Every structure is written in C-alpha cells, then in structure tokens.
Amino acid sequence: MAKTQVAKRRADTASILVLAVLLAGCAVGPDFKKPETWSPEQWRQAATQERSRLLSVPTTEEPPAAWWSIFHDPELTALEERLASQNLDVQQASEQLAVSRGQLLLAGAERFPDLAASGSYKASQYSTKEMQWVLKRVGRQAGVGDQIEAAASSASVPLLNQWQDGLQSSWEVDLWGRVRRQYEAAKAYMTASQEERRGILVARQAELASDYITLRQLQEQARITRASRDLAADLTKLSESRYHSGLVSELDVDTAQAELQRTNALLPQYDQRIAMQINAINLLMGSPPGALDAELSQSKAIPLVPPAAPVGLPSELARRR
C-alpha cells in the first residue's frame with residue numbers, strides 16, 4: 001500500500017513538471033511578423049541624357065555619414081556638426097530615447113529573481129540616575145535602605161546595542177509569457193524611439209543644408225542686383241550727359257531712370273528674404289533670432305552641386321526614407 005502511494009505521488013509530481021514545462025512554452029498573443037515591403041525592380045535614372053548631365057548622377061556607393069561634406073563648404077560643415085547638439089527637436093527625441101532605454105532595463109529586470117536585503121542598528125541608553133533613585137526607594141521600603149544605598153550609588157546602566165537584518169527574495173515564473181512579451185514590447189519601443197530620433201536628425205540636417213544653400217543663392221542674387229544698380233546708375237548719368245549735349249531725347253533719360261528705380265526696388269526684397277532665411281537657420285540651430293547674423297550675413301560662394309551623389313543601393317535608399 002505504501003509503495004502504491006509513493007508511486008502515485010511521483011506520477012503526480014512528474015505530471016506537474018511536464019505541465020509547467022508546457023505552460024512555459026506558451027506566450028500571450030501571436031508572434032510579431034515583419035511586414036513585406038515593395039521595391040522597384042530597376043533603378044530609375046534621369047529622363048533624358050541632357051538632364052542627367054545637368055544633375056548629379058546617383059551612384060550605388062555607400063553615402064558617408066557626414067553627407068554634407070560632398071559640398072566642400074566649411075561653414076555648412078560647421079553648422080551641421082553643431083545641429084545634433086543644439087536642435088530642440090533632436091534633443092527632445094534624444095530624451096525620449098533615454099526614457100525608452102530605461103524602460104527596457106526595467107522590463108528586462110523582471111526576468112530575473114528579485115533579491116532585497118535590509119539592515120538596521122539602534123543604540124539606546126537609559127538614565128543611570130533614575131535607576132539609582134529606584135533602587136534606593138525600593139531599599140527604603142524593604143527596610144534595607146542603608147545596605148542598598150552604597151551599592152546603588154555605584155550602579156550604572158550599560159549601552160544597549162540592537163542589530164536587525166533581513167534578506168528577501170522573489171521570482172515570478174513566467175508561465176504565460178507576460179514578462180517575455182513585456183520585454184519584447186519595451187525593446188520594440190526603444191527601437192522605434194531610436195529610429196524616430198534618427199529620422200528627425202536626418203530631416204533637420206537636410207533642412208539646414210537646403211536653407212543654407214538658399215541663403216547663399218539669395219546673397220548672390222543680391223550681389224548681382226547691386227552690381228546691376230551701379231551699372232544702371234552709371235547709364236543714367238551717361239544718358240543725362242548725352243541729353244544735355246543734345247545727342248539723345250528725354251525718353252532715353254526717363255528709361256534709364258526707370259531701370260535704376262526698378263533695380264533699387266529689388267534690393268529691400270532680397271534683404272528681407274535673406275534675413276528670413278538666417279532666422280530660419282537660427283530656429284534650426286536652437287538659437288535666438290540674430291544670434292548667427294555675424295556668422296552668416298557675409299556673402300559667400302554658393303556650394304557647387306557634386307557631379308556624383310552617393311545614395312547606395314535602391315533598397316537601402318528606400319529603407320532610409
């Protein structure tokens with residue numbers, strides 16, 4: 001009879017272990033499957049050969065991390081290098097990435113046993129004078145006050161030391177996969193935050209390069225307009241001199257003056273657009289308006305379009321986008 005009970009207990013124990021192993025393989029919810037994406041079979045080139053000679057030719061070379069270096073503009077390079085640490089949108093995305101990494105650490109910690117230890121120390125000291133007074137009073141009431149009084153005068157209370165410590169451990173057996181799914185979700189959230197920060201950074205870098213090139217174009221147009229204004233002023237003086245000499249009519253003088261006034265009217269428009277473009281760069285750099293005026297107000301050459309644009313493979317380009 002005893003052997004039968006022992007065999008039954010062993011069978012029950014084995015059944016429980018097998019059930020625990022089977023439950024450990026279960027998880028809440030379906031597994032994640034990466035969605036399939038479509039990509040073109042061939043790389044789309046420029047429409048015509050003439051157009052391809054005017055634009056940069058895309059190549060399958062891997063683009064450099066500092067892609068703005070292909071313009072060979074020191075000022076643009078300096079701005080791009082400062083953008084990652086100064087742009088407010090990038091800083092916010094960086095903080096969000098740090099939060100997601102912390103959440104991943106917390107979710108991963110639940111997979112392991114939790115161990116907690118505590119300790120305390122307490123020192124107490126009772127009054128010696130009060131104990132001596134109690135002993136003397138007890139001795140008087142018992143009729144032996146003279147015998148106890150001498151001993152009570154030299155009595156003292158020792159310092160009491162109290163130590164207390166504790167150790168606690170717990171571990172959740174993840175039978176239904178709750179902890180595992182929670183860790184997978186935290187890891188996916190961190191990856192999404194990382195890619196979101198990368199996307200914001202690339203977008204702001206591209207916007208900065210576009211604004212900078214537009215600024216140099218406006219400054220070059222303003223320079224050409226000022227040169228045209230000086231030329232129109234010289235032509236106006238020449239027309240007035242010829243008119244006084246009787247070589248041309250008054251119509252020629254009016255035409256030259258109208259051209260001079262038209263050219264002068266364009267300069268304030270260019271100055272306003274240049275100021276707006278500099279303020280746009282200030283906003284991207286996280287700087288107050290006017291902070292980069294001294295750095296960007298001086299006109300410089302327009303960055304040249306590179307003859308070849310390294311964009312990588314079409315699949316890699318689609319993934320980056």
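Ser239 counts as buried in this predicted model, at 14% relative accessibility (buried means under 20% relative accessible area, exposed over 50% and partly exposed in between, with a 1.4 Å probe and protein chains only). The model is a prediction in which local features need pLDDT of at least 70 and side-chain atom pairs count only at pLDDT 80 or more, while totals for chains, interfaces and linings use all residues. Residues are numbered from 1 along each chain as its sequence is written, and side-chain values use heavy atoms, with hydrogens and water left out.

Ser239 belongs to helix H7; helices (H or I, at least four residues) and strands (E, at least two) are DSSP runs numbered from the N terminus. With neighbours within four places in sequence set aside, Ser239 is in contact with Val248, Asp252, Val253 and Ala256, where contact means heavy atoms within 4.5 Å. Ser228 is also placed in helix H7, and Ser228 is partly exposed, with a relative accessible area of 35%. Between the C-alpha atoms of Ser228 and Leu260, which are 32 residues apart along the chain, the separation is 8.5 Å.

Helix H7 covers residues 178-244, which amounts to 67 residues. From its first C-alpha to its last, H7 reaches 97 Å, close to the expected 99 Å at 1.5 Å a residue; the expected span is 1.5 Å times one less than the number of residues. Just after H7, a positive phi of about 80° is found at Gly246.

Two aromatic pairs are present in the structure. Rings of Phe, Tyr and Trp (its six-membered ring) pair if their centres lie within 6.5 Å; planes under 30 degrees apart count as stacked, over 60 as edge-to-face and the rest as tilted. Trp67 and Trp68 form an edge-to-face pair, with 5.5 Å centre to centre and 75° between the planes. Trp67 is partly exposed at 25% relative accessibility, whereas Trp68 is buried, with a relative accessible area of 7%.

Tyr121 and Trp163 form a tilted pair, with 4.4 Å centre to centre and 45° between the planes. Tyr121 lies in strand S2 (residues 114-124) and Trp163 in strand S3 (residues 160-170), so the pair ties together parts that are 42 residues apart in sequence. Tyr121 counts as partly exposed at 44% relative accessibility, and Trp163 is exposed, with a relative accessible area of 68%.

Arg111 is positioned over the face of Tyr183, at 4.0 Å from the ring centre. A charge sits over a ring if NZ of Lys or CZ of Arg is within 6 Å of the ring centre and within 35 degrees of the ring normal.
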